[in-house]
Protein chains: 2
Amino acid sequence: MNFCSNCGSPVESKIPTGDHLPRFVCTGCHMVHYKNPLLVLGCVPEWQGKILLCRRAIEPRRGFWTVPAGFMENGETMQQAAARECYEEAMATVEVGTLLAVVNVTRANQVHVMFRAKMLEPKFAPGPESLEVALYDEADVPWSELAFASGEYALRQYFADRSACREEHYFHELTIRAHREVAG
Amino acid sequence: MNFCSNCGSPVESKIPTGDHLPRFVCTGCHMVHYKNPLLVLGCVPEWQGKILLCRRAIEPRRGFWTVPAGFMENGETMQQAAARECYEEAMATVEVGTLLAVVNVTRANQVHVMFRAKMLEPKFAPGPESLEVALYDEADVPWSELAFASGEYALRQYFADRSACREEHYFHELTIRAHREVAG
């Protein structure tokens, strides 16, 4: 951040009075600009025991596989965001179920929240951000070709819970290398 | 948003190519500026059956009572944010426990996430954003003087679960009037 989004003057990094962290503060209108973590919402869509994955058409991690996920938008709930991302990336309509995983990706300033989801019909196709979309049996999941560690974590917890006939939720923190952290 | 935070040129609101929502786009460097929901993290701190509440020293809702909560910062986990806010607002050290409530405050573009928490000692005091801090028995909670609907929702679920000897988590959506929605 170089300029104030309110008045266009340059900003400087300093700790505002009464605060304890450096913020971007406008040298003109003195507005304080906060930077906060972004929410990435996703789901593990299931159809008759198989899981829907998308192969990414965009960077980061183009060509790698992921559960449908993306940045939550203003005005929607977490569950609506997860369903929307699934429709946009995989053209699949899902009923969002229970909370599966919350992954704090602290180095990327993101929180990834993953839900279980049921596909309402076996209809899917690559959206603009996907090269292909496919249903996978657990045994066939391309683990070494997954795009993001948060998605891998969610899938592993999903299968572990499914084998144990339970639906718990799991917290995890990721601080590993950048190209495995940032969702698109 | 009026100006580009990157180059200082005016921004215009338009739908970027390949997108489906209007964004602020710079007329100079063409950077797209996204606006996404903010995470508010809080907890219900308990000491020997009593709950710690703070009376707000700042707007919005100055003079009203709330569970300790505030905006999540970059670089911390949800649980770290909840514990930090509790220390800042109530000078109380807590061990953050299970997930209690996720409140989608869609009209304010916020997601409020509340955890259960145990106070490690009966030590607390008003931080700079609180007028006073006090431990309340369930029967004495000042329901009509609570600052925010999300905190009230979390407290009601907390007590209901405690009576039933369970620790579940609950999703809720709030679309009510602004002064009950926005946490400080």
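Predicted model: local features only at pLDDT ≥ 70, side-chain atom pairs only at ≥ 80, totals over all residues.
Residues are numbered from 1 along each chain as its sequence is written, and chains are lettered from A and ligands numbered from 1 in the order in which they are written.

Chain A is assigned domain 1 (1–35) and domain 2 (38–180), the bounds coming from an automatic or database domain assignment. The centres of these two domains of chain A, taken over C-alpha atoms, are separated by 36 Å.

In chain B, three strands form an open antiparallel sheet in the order 1-2-3. Strands here are DSSP runs (E, at least two residues; helices are H or I, at least four), numbered from the N terminus, and two strands pair if DSSP finds at least two bridges between them. Strand 1 (11–14) and strand 3 (32–33) of chain B are the edge strands, each pairing on one side only. Four bridges join strand 1 of chain B to strand 2 (residues 23–26) of chain B in the antiparallel sense; B:K14 has B:R23, in strand 2 of chain B, as its bridge partner.

The contact between the chains involves 33 residues from chain A and 32 residues from chain B, where residues are in contact if their C-beta atoms, placed from the backbone, lie within 7 Å. On the side of chain A that touches chain B, strand 4 (38–47) and strand 8 (94–105) of chain A each supply at least two residues. Strand 8 of chain A gives the largest share, three residues.

Notes. Contact = placed C-beta atoms within 7 Å.
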